[in-house]
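Subject: Structure for your review

Dear colleague,

Please find the structure below, followed by a summary of what was found in it. I would be grateful if you read the two side by side.

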Amino acid sequence: MMDGKAVAARLLQTTQTKVARIIEATGVTPCLATVLVGADPASVTYTQMKRRRCEAVGMKSLKIELPESTTTEQLVAEIEKLGNDDAVHGILLQHPSPSHVDERAAFEAIPHIKDVDGVTLASFSAMWFGLPGHASCTPGGIMTLLDAYDVPIAGANAVVIGRSAILGKPMAGLLLQRNATVTICHSKTKNLADVVREADIVVAAVGKPAFVQGDWIKRGAVVMDAGYNAGNVGDVDYEGACKQASMITPVPGGVGPMTIATLIAQTANAAEVLLNVNNEKQ
Ligand code: NAP
């Protein structure tokens, strides 16, 4: 079992040390602004969790809560204000936004360096080109977890099930960047089970409870379950997959904690860049 909770705790500890050094060197406390439109209960809980983690490592969090009726123009203006605020180092727009909002326009209002959730087109292309930038947090967290368990990535056959902009696609890009041979599957993929059977690394990002069956998993494969469905169930049939996999992430306690820890770590990194903190002096 790959213990995402423990790896995330280590990442947060390293971040806490980095935050203390930034404060000591500059007198400025790194700050993450969280922007929430509406009051969707799950989104309220997620932003609360992110703010708490921020404060736990010594960073500030700035809470921006906007009514459900907020227009795209108003949201963009609010995000631009945060973009121009020197006291803010990272901006997170909690998604999904209400359906009347042009979420892409809102994301694109986030300056590249403050895009600590890795949602802008600039972050996405930087990731594909191997240039500096922030990864989308769940895929970024999955890569950290693979590295923490020394999973060989170069040359591995990696199958990513799901192609969303925040998960499947950036996941594939990060694995490709590390020289995996990557296959991206989606709802139109034929013979999905057979494709998955070829994988050394399987990333499930489907949004369907226990969708990936145990007998789809090649013996010895590494299974990363990004799914989080009602009742604390992942996208993989955990019991079945355990019989085949060499390593597997549980739900909860696998990929989930890594997502928030990655967001917090990326905010500290953004603050370091924005405040010109010299890494060598730390
Ligand atoms: P999404 O936007 O709904 O995307 C789901 C993907 O799964 C789509 O690309 C879809 O294909 C594909 N899919 C659906 N049915 C399929 C099938 N029968 N066979 C193959 N592929 C199929 O979901 P998401 O935002 O990427 O999230 C995926 C899961 O990760 C969810 O359980 C979500 O809760 C979880 N999640 C977890 C975290 C975390 O921090 N742990 C963060 C984000 C998301 P098409 O493109 O063809 O429709």
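A polar contact is a pair of N or O atoms within 3.5 Å; within protein, one must be able to donate a hydrogen and the other to accept it, and residues adjacent in sequence count only if both atoms are side-chain atoms. The model is predicted, with local features needing pLDDT of at least 70 and side-chain atom pairs pLDDT 80 or more, while totals for chains, interfaces and linings use all residues. Residues are numbered from 1 along each chain as its sequence is written, and side-chain values use heavy atoms, without hydrogens and water.

Contacts with the ligand

S187 places a polar side-chain atom 2.5 Å from an oxygen atom of the ligand. For S164, a polar side-chain atom also lies 2.5 Å from a ligand oxygen atom. A226 contributes a backbone N or O atom, 3.2 Å from an oxygen atom of the ligand. The ligand alone exposes 930 Å², of which the protein buries 69% (Shrake-Rupley method, 1.4 Å probe; for residues, only the protein chains shown count as cover).

The surrounding shell

In total, 23 residues surround the ligand (a heavy atom within 4 Å). The closest are R163, S164, S187, A226 and T259. The shell divides into ten nonpolar, ten polar and three charged residues (Ala, Val, Leu, Ile, Met, Phe, Trp, Tyr, Cys and Pro count as nonpolar, Asp, Glu, Lys and Arg as charged, and the others, Gly among them, as polar).

Domains

The protein chain is assigned domain 1 (25-112) and domain 2 (137-256), with bounds from an automatic or database assignment. Their C-alpha centres lie 29 Å apart.

With kind regards
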